[in-house]
Amino acid sequence: MSEMVENDAQGSARARSETMQPVPLERAMPSPLIRAVFWGLRVYILAMVVAVIIGFMRGAR
Amino acid sequence: MGAFDADRRPRLAVADENDVELGTSLENDADVRVREHGRRTALRRSNRKLGRLLFLLTVVGPGILVMIADNDAGGVITYAQTGAAYGIGFFIPALVVGGAIAYLVQEMTVRLGAVTHRGHAEMIWGRYGSAWGWFSLADLVLANLLTLITEFIGITVGMSVFGVTPWVSAALGVAVDASILLVLRYRPWERVALWIAVGNLVFVPLALMAHPHWSTVVAAFGRWAIPGGFTAAFLFVVLANFGTTIAPWMLFFQQSAVVDKGLTVDEVRHGQLDTALGALAMVLVAVAIVVLTGTLVFGRSGASTFDIQQLIQILGQRLGLTGQRLFALGLVEAGTIAAIALTASTSWAMGEAFGWPRSINLPARHGWRFYLPGLLSAAIAAAIVLIPEAPLGFLNLTVQVVASIFMPAAMLFLLLLLNDRQIMGPHVNRPWQNVVAVGIVGLLVVLNALYGLSVVLPGAV
């Protein structure tokens, strides 16, 4: 009986352990819309970086 | 790297597993999570009220920590200056809206972490490639380092009220941060951090000590008026408050904490409850600080330009030594809890990006590579604060600028991941959540662009 309980507990622990496995990851293939959004993000980042550089250069003077 | 090589990261871990002790530590780490999950499940199924209460106390953690840590030293200073400059008008309702936005954003990280069992950094790296992965990681680590500097500014300023020198208070801050991270495993680490977070509530009795006109506070919700009109200075404060409400590190921290705690899909709604409780506490404390200085400082000559030392001095004059010390204690606590969260956030993100064994359950001697980046950033931040004549104001502004560049990108990746049916399955965002999230991203882009411009090009906005 105690062996059965132990086996059950081990099985339950194994099931729980399996539910905590990280999902497999593959590189996503973005749709054209998402690719356009990524380009928008690149432009935003570039604009912000340029603004920061200009601001810091003005501040340094 | 073309496609995310899922085997590359484990391979690093596997190489380390040749070290039998590390292998044992990794197994123990997994065992701890399984055991904790079993414990929570047993409590959840309990029919007794005490069991349910214990379950609630056990399941809370990442959500409350992230929200309270967001009321960091910089946040406390921003809220205090906002109340001093604008009183109890526009900002109290704005903070409530901010709290709702913070909940909507952070709730997504709970689902993402519980479903994928992967941190935010590795999700970006894995799904969108190494270029975006490196960008996110570099930005996060830099922003965390700069934010840590503001936390140590808060700690040293607060401790100076008690006559403690900056050297001693900075060293104490690093020592507390390092010792609880290195000595404690995830669960006790989380519990100790939660107890420290409770200290954030000190601002609530302080607000009561100010004897505010509650009718004014209530009226603020009905009459959402902009004090003094819509000026560039007002926009700056709005943006600072918005920037204080949601920050990039919060996404990375909560998702990694959910994974390290071992929350599963069947615990998502409890994670959401944890996040909601945290958001409520965050708003309560933020409103208390605005009410405090809005009652005691607003209306004084030059109140809009007071720095934190001047505010502490005035609070001492109005509330006495007890009030002044309580405020200083709150500032020290805010810096400490945020330093704990930021340090863990940096370590988790580095571990996820480079495939190191990454868990607070790892003993220090086996997980040193995981603990090192976070602790190093805390030590560097503490050292910078101690440099005489260090341009701390400049660094503080830089924090906001870096965050302003990063936050829309971080939000965009979060939104993409939450709509990725391949990894999220039935737990993808609902349409209304997407509408709200897109609105937040749009608002962030506009506000952060304006904020960035107002910081680097004064007069342009």
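Reader: Which residues does B:V290 touch, leaving out those up to four places away in sequence?

Author: In this predicted model, B:V290 touches B:Y79, B:T82, B:G83, B:I88, B:F91, B:I92 and B:L95. Each of these counts as a contact because the C-beta atoms lie within 7 Å.

Reader: What makes B:V290 part of a nonpolar core?

Author: A core member has to be a buried residue of a nonpolar kind, such as Val, joined to others through C-beta atoms within 7 Å. B:V290 belongs to the largest nonpolar core, which has 138 residues, and is among those with the most contacts inside it, along with B:I289 and B:A341. Helix α16 (residues 308–354) of chain B gives the most to this core, with 20 residues.

Reader: Why is B:H117 called buried?

Author: The cut-off for buried is 20 or more other C-beta atoms within 10 Å. B:H117 has 20, so it is buried. You will find B:H117 in the loop between α6 (91–116) and α7 (120–128) of chain B.

Reader: And why is B:H211 called exposed?

Author: Exposed means 12 or fewer such atoms. B:H211 has 9 other C-beta atoms within 10 Å, so it is exposed. B:H211 sits in the loop between α11 (203–209) and α12 (214–222) of chain B.

Reader: What makes the phi of B:H211 worth a look?

Author: Most residues other than glycine have a negative phi. B:H211 is not a glycine, yet its phi is positive, about 50 degrees. B:H117, also not a glycine, has a positive phi near 55 degrees.

Definitions and conventions
Residues are numbered from 1 along each chain as its sequence is written. Chains are lettered from A and ligands numbered from 1 in the order in which they are written. This is a predicted model: local features need pLDDT of at least 70, side-chain atom pairs count only at pLDDT 80 or more; totals for chains, interfaces and linings use all residues. Helices (H or I, at least four residues) and strands (E, at least two) are DSSP runs, numbered from the N terminus. Two residues are in contact if their C-beta atoms, placed from the backbone, lie within 7 Å.
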